[in-house]
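Colleague: I'd like to go through this model with you before I look at anything else. Could you take my questions one at a time?

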Amino acid sequence: MLSKTMEKALNEQINKEMYSSYLYLAMAAHLSEQHLDGFAKFFEIQSQEEWGHAMRIYKHLNERGGRVVLDKIDKPQTTFKDLEEIFTLTLEHEQFITKSIHTLVDLAVKEKDHASQIFLDWFVNEQVEEEANMENWLAKIKMSGAKGHVLFMLDGHAGERKK
Ligand code: FEO
């Protein structure tokens, strides 16, 4: 059985993951409008992945006898200057999510909630991968200036993302 404190914190994380999904979908829509179809696909997949993260927590709450309480999802930013801004915002957002996951782990340890602690391990690892991936993209974009031929090449590469 989950404590009320853990239940509330996990519900807040569902909301953060759903906001992430919303934010990345807003980026995908903007990129599609800019005819950067590869990057648009990249962020559509990212958006779906975030929805999946929210659903993992949803299932954990259900399995542990917790109550899922959905809240309002904030409106995301919908226009962006360029790819550098998009990937800078993405990296910053992932760093924020990492902190949030680590706070949840601290809470699980404090409450001796071993099941939640083990459950959250997956998210700790996932955040390492997410940050590394976004840092890599941001570095490539900054290095190349992401203009002309290079932009086409990067867009093609981004569009190769499968999951
Ligand atoms: Fe669900 Fe990208 O963190």
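Colleague: Where does K112 lie?

Modeller: K112 lies in the loop between α3 and α4, the latter covering residues 114-144; helices here are DSSP runs of H or I with at least four residues, strands are E runs of at least two, and both are numbered from the N terminus. This is a predicted model, in which local features need pLDDT of at least 70 and side-chain atom pairs count only at pLDDT 80 or more, while totals for chains, interfaces and linings use all residues. Residues are numbered from 1 along each chain as its sequence is written, and side-chain values use heavy atoms, with hydrogens and water left out.

Colleague: What is phi of K112 near, and is the residue buried or exposed?

Modeller: Phi of K112 is near 55 degrees, which is a positive value in a residue other than glycine. K112 is exposed, because its relative accessible area is 65% and exposed means over 50%, with buried under 20% and partly exposed in between, using a 1.4 Å probe and protein chains only.

Colleague: And which loop holds A146?

Modeller: A146 lies in the loop between α4 and α5, where α5 is residues 148-158. A146 also has a positive phi, of about 45 degrees, although it is not a glycine, but at 12% relative accessibility A146 counts as buried.

Colleague: Stepping back, how many helices and strands does the protein have?

Modeller: The secondary structure comes to five helices and zero strands, so that read along the sequence the pattern is α-α-α-α-α. The C-alpha trace spans about 55 × 25 × 25 Å along its principal axes.

Colleague: What share of the residues count as buried, and what about the surface?

Modeller: Of the 163 residues, 45% count as buried. The accessible surface comes to about 9,300 Å², and 57% of that belongs to carbon and sulfur atoms, with areas taken from the Shrake-Rupley method with a 1.4 Å probe and, for residues, only the protein chains shown counting as cover.

Colleague: Now the packing. At what angle do α1 and α2 pack?

Modeller: Two packed helices are described by the angle between their axes and the distance between the axes. Helix α1 (residues 4-33) and α2 pack at an angle of about 165 degrees, with their axes 8 Å apart, where axes are lines fitted to C-alpha atoms over the stretch in contact and angles run from 0 to 180 degrees between N-to-C directions. That makes α1 roughly antiparallel to α2, since angles over 145 degrees count as roughly antiparallel, under 35 as roughly parallel, 65 to 115 as roughly perpendicular and the rest as oblique.

Colleague: Which residue classes make up that contact of α1 with α2?

Modeller: The residues of that contact divide into 16 nonpolar, nine polar and five charged; contact means heavy atoms within 4.5 Å, and Ala, Val, Leu, Ile, Met, Phe, Trp, Tyr, Cys and Pro count as nonpolar, Asp, Glu, Lys and Arg as charged, and the others, Gly among them, as polar.

Colleague: How do α2 and α3 cross?

Modeller: The axes of helix α2 (residues 37-63) and helix α3 (residues 83-110) come within 13 Å and cross at roughly 15 degrees, and α2 and α3 are therefore roughly parallel to each other. The contact is made by F39, F42, F43, Q46 and E50 of α2 and L83, I86, F87, T90 and E94 of α3. By class, that contact has six nonpolar, two polar and two charged residues.

Colleague: And what is the angle for α2 and α4?

Modeller: α2 and α4 pack at an angle of about 170 degrees, with their axes 12 Å apart, and are therefore roughly antiparallel to each other. Among the residues making the contact are F39, F42, Q46 and E50 of α2, and F119, W122, F123 and W137 of α4. The residues of this contact divide into nine nonpolar, five polar and five charged.
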